[in-house]
Amino acid sequence: QVQLVESGGGLVQPGGSLRLSCAASGFSFASRAMAWYRQAPGKQRSLVASIDYKGATVYVDTVKGRFTISRDNAKNTLYLRMNSLKPEDTAVYYCNLFLHDYWGQGTQVTVAS
């Protein structure tokens, strides 16, 4: 069965960086589009970035130039590099098999001084 396991979240100061990872199993990772979503307290889950099987990427405007989504097909792993973090980036971040209802458990990212 599809399994997605996120890691790499934590507490970071504004302007800091984090790299999230998502270990995928149970499907043909290399041939599927993947995505990162986030859910802030009191808000709906929303798309942050997606990457197709060829590596083409799409970002929501609020993270363009700061976040980078990437994948290592040999390791079945999805990444999200987050730079210049802002307090408004605070959320639980989820890995997603794009356009399917498969999710990881989420990893908390808190940006605060």
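What percentage of the 113 residues in the chain do buried residues make up? They come to 41%, where buried means under 20% relative accessible area, exposed over 50%, and partly exposed in between (1.4 Å probe, protein chains only).

Before the exercises, some ground rules. This is a predicted model, where local features need pLDDT of at least 70 and side-chain atom pairs count only at pLDDT 80 or more, while totals for chains, interfaces and linings use all residues. Residues are numbered from 1 along each chain as its sequence is written, and side-chain values use heavy atoms, leaving out hydrogens and water.

**Exercise 1. Sketch the overall build of the chain.**

Step 1: count the elements. The chain has zero helices and 10 strands, with helices (H or I, at least four residues) and strands (E, at least two) taken as DSSP runs numbered from the N terminus.

Step 2: check how compact it is. The radius of gyration is 13 Å, close to the 13 Å that the globule rule gives for 113 residues, so the chain is as compact as a globular protein of that length. That radius is taken over C-alpha atoms, and the rule is 2.2 Å times the number of residues to the power 0.38.

Step 3: Along the principal axes, the C-alpha atoms fill roughly 40 × 25 × 20 Å.

**Exercise 2. Work out the open sheet that contains β1.**

Step 1: get the order. Four strands line up as β1-β3-β8-β7, with antiparallel pairing; two strands pair if DSSP finds at least two bridges between them. At the edges sit β1 and β7, each pairing on one side only.

Step 2: walk across the sheet. Five bridges join β1 (residues 3-7) to β3 (residues 18-25), with Ser7 partnered by Ser21. Next, β3 and β8 share six bridges, and here Arg19 meets Arg81. Finally, β7 (residues 67-72) and β8 also pair over six bridges.

**Exercise 3. Locate the largest nonpolar core.**

Step 1: size it up. This core has 27 residues, and those with the most contacts inside it are Met34, Trp36, Leu78, Leu80, Met82 and Tyr93. A nonpolar core is a set of buried Ala, Val, Leu, Ile, Met, Phe, Trp, Tyr and Cys residues joined through side-chain atoms within 4.5 Å.

Step 2: trace the suppliers. β3, β4 (34-39), β5, β7, β8, β9 (91-97) and β10 (107-111) each give at least two residues. As for β8 (residues 77-82), five of its six residues are buried.

**Exercise 4. Is Ser50 buried or exposed, and what about Tyr53?**

Step 1: Ser50 is in strand β5 (residues 46-51), while Tyr53 lies in the loop between β5 and β6 (57-59).

Step 2: read the accessibility. Ser50 counts as buried because its relative accessibility is 8%; Tyr53, at 47%, is partly exposed.

Step 3: list the neighbours, with contact meaning heavy atoms within 4.5 Å. Beyond four places in sequence, Ser50 contacts Met34, Ala35, Ala56, Thr57, Val58, Ile69 and Phe98. With residues up to four places away left out, Tyr53 touches Ala30, Ser31, Arg32, Ala33, Arg71 and Asn73.
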